[in-house]
Amino acid sequence: MINLLPEPKKIRDDNTLTNAFHQIDFTTSNENINVEQLVELAKLRFWNYQDIDFIKGKELTGDGIKISVSNTLAGVETENDELFRSQGYYLLIQPDEILLKYENKAGVINALTSIKQLLKVNETGEGYVLPCCEIIDWPSIPVRAIAPTFSWYAGYGRIG
């Protein structure tokens with residue numbers, strides 16, 4: 001069973017896992033995508049996974065998985081096209097490759113966050129695996145924020 005927070009709008013679990021990996025290789029056939037920026041975003045998002053090597057369009061050495069990136073969500077149908085295109089993403093995780101579609105930076109950040117939540121240490125303790133699945137997700141509301149009352153009691157913004 002796949003657990004993500006917030007729960008994705010659409011998910012299909014293939015009940016299998018990817019091959020174990022230590023490297024994630026970002027590739028694209030679209031010249032308009034800044035792959036170096038995506039690699040930097042991934043490094044920032046996975047800051048506590050120092051043993052994962054993020055690379056850009058290089059030959060994988062050893063155990064790795066490719067993320068094929070596309071900056072179009074054309075052909076993916078949703079109930080809220082505006083929020084989906086502004087902050088949503090499409091992920092197809094297969095045994096040796098991940099397809100990541102998005103249209104805006106928020107979408108790719110949300111997708112990377114989902115990948116990080118799905119990440120598990122391989123049963124052998126060598127490398128990481130992901131559940132093979134298909135995910136279509138977007139936020140339910142345009143802006144996510146912490147309520148002012150909650151933030152006060154939690155101590156955010158208090159001086160002293």
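Tutor: A strand here is a DSSP run of E of at least two residues, and strands are numbered from the N terminus. The model is a predicted one.

Student: Which strand holds Asn15, and is Asn15 buried or exposed?

Tutor: Asn15 is found in strand S1. Its phi is positive, about 55 degrees, although Asn15 is not a glycine. Most residues other than glycine have a negative phi. The cut-off for exposed is over 50% relative accessible area, and Asn15 has 67%, so Asn15 counts as exposed.

Student: Which two residues does a cis peptide bond join?

Tutor: Most peptide bonds are trans. Here one with omega of about -10 degrees is cis. Its proline lies in the segment before strand S1 (10-17). The residues joined are Leu5 and Pro6.

Student: How far apart are the end C-alpha atoms of helix H3?

Tutor: Helix H3 covers residues 105-118, which is 14 residues. At 1.5 Å a residue, the helix should span 20 Å. The distance in the model agrees with that: 20 Å.

Student: How many disulfides are found in the whole structure?

Tutor: A disulfide needs two cysteine sulfur atoms within 2.5 Å. For Cys132, the closest cysteine sulfur is in Cys133, 7.5 Å away, so the pair is too far apart for a bond. Cys133 is likewise in no disulfide. The search of the whole structure gives 0.

Student: Are Cys132 and Cys133 buried or exposed?

Tutor: Buried means under 20% relative accessible area. Cys132 has 2% and Cys133 has 1%. Cys132 is therefore buried, and Cys133 also counts as buried.

Conventions: Residues are numbered from 1 along each chain as its sequence is written. This is a predicted model: local features need pLDDT of at least 70, side-chain atom pairs count only at pLDDT 80 or more; totals for chains, interfaces and linings use all residues. Side-chain values use heavy atoms; hydrogens and water are left out. Helices (H or I, at least four residues) and strands (E, at least two) are DSSP runs, numbered from the N terminus. Buried means under 20% relative accessible area, exposed over 50%, partly exposed in between (1.4 Å probe, protein chains only). The expected span of a helix is 1.5 Å times one less than its number of residues.
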